[in-house]
Amino acid sequence: MRHFFPALYGNEKTKNLIGRDILEKKQHHAYILEGPTGSGKHVLACEIAKALLCLRKDVPAFPCGTCLQCKKMDAQSHTDIAYVNSGDKASLAVETVRETLATLSYAPDEGNYKIYIFEDAQKMTVQAQNALLLSLEEPPPYAVFILLVTDAAALLETIRSRATIFSMQQFTNDSIFTYLEQTGIQGTKERLREAADASGGIIGTAKAFLLGEDATAGLRTAADEWICTLCTKTVTEALVYCSQIKFSRTEFDTFLIYAMAALRDRIAIKLGGKELLFYQQASQIQDAPGNTLARLNALYDALYDAREEIVRSNASPYPILCTLTERHFRQI
């Protein structure tokens, strides 16, 4: 049985769709891979690139990972792969995109395709996206573009309409615990369970937790505390809590992802669901009787809109957080 993209855990439907298209030479010229940090977007992008360049199409696990093209890809030394990112800047400027796309007119050096991987593509300015759009509309037959984003809605509709969008799978805590056990990651069962419960459904977050990268765990805790404050305390207490939050834009985005996961579990319980993603058990959830399903749903929508506003317009996170908090309490 053919097994596609072995380096990526789960996401079987996505892997089968993309893998079979590549084998049949029906791949798309542009992909958008969306999902939070640590969800496997970068792994999938690299697997797609390797599959396009792989010299062995008859192996059970595809791409093979052993041919010259695959090895060059793993070493990040393949001349037909371009990684595009903003570096340490807040946005990906139009000049960077234009400079990268200037190589588009040259045929591939080593393989049959030239592949452009745009990391954190949501950081592209509107001008940068429009510059990319010109290439997406009439790409040469050997060009493939892979855009990695936390949320595809951060990109212009004209960009989204010219690419195929795939969302990365979010896992249950039990699935992540099983994955950590099966991959032989060092740690006691109790530590692995703790990492799985702290993951918010994201494998990369669980791994970061085990490596002692406390920043992500701290964001998860802060999100839990903020949602608990919104659901059980007063508007004054909630705004005081907001004033103590000092995150970078990237950290704030992760904070909101965790907050949405914590809120999602509250909504699931209201609907009679038993499977939780953020919490280990329902007894951990603090809530007040006045939080109706409609109110929690409205708060979830507000969190989604807040993320989109921050990504699209580079708005300051703190005022958005305060506005969101005040709006929530006005609904009581």
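The lining of the second largest pocket has 9 nonpolar, 6 polar and 4 charged residues by class. For the classes, Ala, Val, Leu, Ile, Met, Phe, Trp, Tyr, Cys and Pro count as nonpolar, Asp, Glu, Lys and Arg as charged, and the others, Gly among them, as polar. Before I go on: this is a predicted model, where local features need pLDDT of at least 70, side-chain atom pairs count only at pLDDT 80 or more, and totals for chains, interfaces and linings use all residues. Residues are numbered from 1 along each chain as its sequence is written, and side-chain values use heavy atoms, with hydrogens and water left out.

Back to the pocket. On a 1 Å grid over the protein atoms alone, a pocket is an open set of points where a 1.4 Å probe fits, with protein on both sides within 12 Å along at least five of seven lines, and lining residues have an atom within 4 Å of a point. This one holds about 400 Å³ of space, where a volume is the space filled by probe spheres set on the points, joined across faces, edges and corners. Of its 19 lining residues, Pro36, Gln170, Ile257, Tyr300 and Arg307 lie nearest the centre. Which helix gives the most to this lining? That is H12, with 4 residues. Helix H12 (249-270) and helix H13 (293-313) each supply at least two lining residues; helices here are DSSP runs of H or I with at least four residues, strands are E runs of at least two, and both are numbered from the N terminus.

Now to helix H1, residues 12-23. Its 12 residues reach 16 Å from first C-alpha to last, close to the 16 Å expected at 1.5 Å a residue, the expected span being 1.5 Å times one less than the number of residues. Buried in H1 are Thr14, Lys15, Ile18, Gly19 and Ile22. Seen down the axis, these buried residues fall within an arc of 115 degrees, so they line one face of H1. The arc is that of the directions from the helix axis to the C-beta atoms, and buried means under 20% relative accessible area, exposed over 50%, partly exposed in between, with a 1.4 Å probe and protein chains only.

Leucine 8 is buried, at 6% relative accessible area.

Helix H4, residues 94-101, has Val94, Val97, Thr100 and Leu101 buried. They cover an arc of only 130 degrees around the axis, which puts them on the same side of H4. On the other side of H4, Glu95 and Glu99 are exposed.

Last stop, salt bridges: a side-chain nitrogen of Lys or Arg within 4 Å of a carboxyl oxygen of Asp or Glu. How many turn up in a search of the whole structure? The search finds 11.

Take lysine 26 and glutamate 24, whose side chains meet at 3.5 Å, N to O. Lysine 26 is exposed at 53% relative accessibility, and glutamate 24 is partly exposed at 47%. Lysine 189 and glutamate 181 form another, at 3.7 Å, with lysine 189 exposed at 55% and glutamate 181 partly exposed at 34%.

Then, at 3.5 Å, arginine 191 bridges to glutamate 194. Both lie in helix H8 (residues 189-197), 3 residues apart, about one turn of the helix. Elsewhere, salt bridges that share partners join Glu47, Lys50 and Asp74 into one network.
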